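Please read this report with the sequence and the structure side by side.

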Amino acid sequence: MGDILRLVAKRLGLGLGILLIISAIIFFMVELLPGDIAQAVLGQGATPENLAALRKEMGLDQPALVRYFDWLTNAVMFDFGNSIVTGESVVNTISARFANTLFLAAYAAVIAVPISIVLGVLVALLRNSIFDRVVNVLTLTSISSPEFFLGYILILYLAVKTGMFPAISSLSNDMNLGDLLHRTFLPALTLVLVVTAHMMRMTRAAIINLLASPYIEMARLKGTPPWKVIVKHALPNAWAPIINVVALNLAYLITGVVLVEVVFVYPGIGQALVDAVSKRDFPVVQACCLIFAATFILLNLAADVGAILTNPRLRHPK
Amino acid sequence: MKKNKDQVLMDRLADAARAGTISRRSFMHYAAAAGVTASAATGLWGTSAKAAPKRGGTLRVAQHDGNTSDQHDPGKYQSNFEIGYGHTVRAYLTMINADGTLGPDVAKEWSATPDAKEWTFVLDERATFHNGNKVTAADVLASINHHRGDDATSAAKSLLGDVVEIVDNGDHSITFKLAGPNADLPWLMTDYHLTVLPAKADGTADWQSGIGCGPYKVAELEFGVGGRFVRHEDWHGEGAWFDEVEVLVINDPNARQTALVTGDVDTASLLENKTLMLLARDPNIEVDNISSAQAITMPMHCDVAPFDNPDVRMALKLSINRQELVDKITFGAATIGNDFHHSPAMPYFPEAIPQREYDPEKAKSLLKKAGAEGLTVNLSTADSITTGAVDAAILYSEHAKAAGINIKVVREPNDGYWSDVWLVKPWCMVTWGARPTPDVMYSLAYKSDAAWNESHWQNERFNELLLQGKAELDNAKRMEIYHEMGMLARDDGGTVIPYFPNFVYARRSNVKHTGSLSPAWQMDGYRYASRWWFEG
């Protein structure tokens, strides 16, 4: 157990270093974007004097390096500053949006992860059957379609034609959980369709890979039924790659859903990031990107720890 | 539509319907006698007879162009959500009425000195902020001064460039003192930046709190997501029939239209032209297609060959079939242009100017006269100018072939179009946002020394008239001036104006309005919240 704690501590330390590098890269990428924030805020009618006045008000008359280190010293003390454009605190601007994104990601994951793993086991069991083919074709079709297109298809059949679910997933404060789940079902289903194929195929491949091993042969020879061979003997050894793919897809659910947000009018963090980039609002861009980076780092760490915990050889190294 | 219908009779019929002194059957009967078709009469009955607005209900609005970076400072208003917010929660000194005329808002009346250099606005004593305070002259003073001064960051600063001083007269009125005459100042006060804000103790305007004196006050607001607004019972104006207005930011046009079709919202701004016909077939949906002062222009540099020859310019103006562009490029969601930058949606529109027709034969003979037969010219355009911009240029080039003109369409990259092509290439395609008056538009882009004189057009008489019109307080005389300026720009100017894009939006059929809609912005000049109502 002590090894795992040491590993977690080491990886978290490395993660902080990575975040620092990422923050510098993001800052200079935003700097490199063509166009001028003051011009973007004031539009066509702006005069040179009021552009200069606005730049001064936003602190843009300082050199880029000074602005970056100002931001960094505050960020180290967990003060992410204020949006350049609106003057609102960054934490206020994005915390509610990030919570919405987490909710949608969790909703989709709760449906998608069990379905993919169960489907993966089933198709491994019934491999090369009609069932296997059909499931593969369907999931590969859904992962190959652009997600906004899947969204439109679902809207057409489940919202416009049958009226079973609302076409837009705008939220309000007085919703109870049931309303919330009903309203956000279509975006969640879209995400489920997008991520299922990857996890299902990895489960299938990992299990089938193991089925050629001698110990599976042994289990079969002693007369274990096929489903038991897979669930009891193959699956435990297949967890490591499956957990990795699940973690990757969870990270995608949090960071890559801006198109789904737009199609379903869901107030998540992706749209906030796009708005901030178009206005060159550096503190907000920075905060969103660091959240995304931290999500990847933490989920990868979780995947590695999970892989160790499910593997006795790694749990008890000689 | 038939031109021979009897307008006087129709007006009387509409009045009678409104007063309830006429039945539907007689209305239809007399309307037919007045030369109105049955379907048009049904529509008229709907808009007139039920024109007694009803209070109540929550209007749910799908609004395009809202961003997380939207904010409360009116000097930085830019997105459509912010402009809609300005007209719902805040108020202005004056407003553009549904019929396109100028009407009172926080200022109940206004007058100018005969030289049009001093304007006095008398404030409505009923105007009240959402926190219960009365609107005072000091508040208005602080609000306007927010956009003036050396360190002002407001985008409306240049609009108020002529204002030298604003004085509180102490009798609930304020006076603007101008450097030069400007007969249009009350029109300029409708600009969406110039909202009335409460003054702070130090005399600056309080825009941070979001308190306004408009028809609705904020109940919930999250920029980039939407807002919920409830009626301000002490509002000084007439209307505000809805109990609540819920604005939802839906940036995806498809999602807006779907939400409207499924009834998740009651009205949606900015529709896609290509799906208009499909949407209009839905019996539950009414589409509003309103002339605007936005414009598509194609300025030729009048000091560069071959455009320095007025006959060549005229030949190019005669070689475009404007109606076909309106029909095929905008799917009917535009108003035909006439080569002078004064849309029918602007005040003082000179109706008597004849429409320029497509006449390739005449163009051919003009080119012969100019010795420029078989003319070849480049027309620069880019996709980002307007939907179908490149297609429009190609269609124009096909039209011009009949006149023996070879227009080569140059497709420029979207990035950098406004710095590398506009004002640089001798002939290009341009999109213009709406401006409130012809004077603002002409001063900005047609005055001989304007920085944005995109066609490099120099016409002494036009510039003389421009100054005259700006100082003229007599509306009849101004109409004459703008007629003559329109004729000059149309016949001598260097700009081909194919069309003025319309504002297109839609509502569920239980949402009603008076039948006339302000051309200032989308959604009844963004005053839908106070002007529309639910059918009983």
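Predicted model: local features only at pLDDT ≥ 70, side-chain atom pairs only at ≥ 80, totals over all residues.

**Chain B as a whole**

The secondary structure of chain B amounts to 18 helices and 21 strands, and among contacts between residues at least 6 apart in sequence, 70% join residues at least 24 apart. Buried residues account for 50% of the 536 residues in this chain. Because a compact globule with 536 residues would have a radius of gyration near 24 Å, the value of 24 Å for chain B agrees with that expectation. The overall dimensions are gathered in the table.

| Property of chain B | Value |
|---|---|
| Radius of gyration | 24 Å |
| Box filled by the C-alpha atoms, along the principal axes | roughly 70 × 60 × 45 Å |

**A sheet of four strands**

Chain B contains an open sheet of four strands, arranged in the order S14-S18-S13-S17 and paired in antiparallel fashion. Strand S14 (334–336) and strand S17 (430–432) of chain B form the edges, each of them pairing on one side only, and the twist from one strand to the next averages 30°. Within this sheet, strand S13 (residues 295–299) and strand S18 (residues 495–501) of chain B run antiparallel and are joined by three bridges; B:Ile296 has B:Tyr499, in S18(B), as its bridge partner.

**The setting of B:Trp452**

Is B:Trp452 buried or exposed, or does it fall in between? This residue lies in the loop between helix H14 (438–445) and helix H15 (460–471) of chain B. B:Trp452 counts as partly exposed because 15 other C-beta atoms lie within 10 Å, whereas a buried residue would need 20 or more and an exposed one 12 or fewer. When its neighbours within four places in sequence are left aside, B:Trp452 is in contact with B:Leu444 and B:Ala445. The C-alpha atoms of B:Trp452 and B:Asp115, which are 337 residues apart along the chain, are separated by 28 Å.

**Where chain B touches chain A**

How many residues of chain B are in contact with chain A? There are 27 residues of chain B in contact with 32 residues of chain A. Helix H7 (residues 253–261) of chain B gives the most to the side of chain B that touches chain A, contributing five residues. By residue class, that side of chain B divides into eight nonpolar, 14 polar and five charged residues.

How values were computed: Residues numbered from 1 in each chain as written. Chains lettered and ligands numbered in written order. Contact = placed C-beta atoms within 7 Å. Helix = DSSP H or I, 4+ residues; strand = E, 2+ residues; numbered from the N terminus. Nonpolar A, V, L, I, M, F, W, Y, C, P; charged D, E, K, R; others polar. Pairing = 2+ DSSP bridges. Axes fitted to C-alpha atoms, helices over the stretch in contact; angles between N-to-C directions. Rg over C-alpha atoms; globule rule 2.2 N^0.38 Å.
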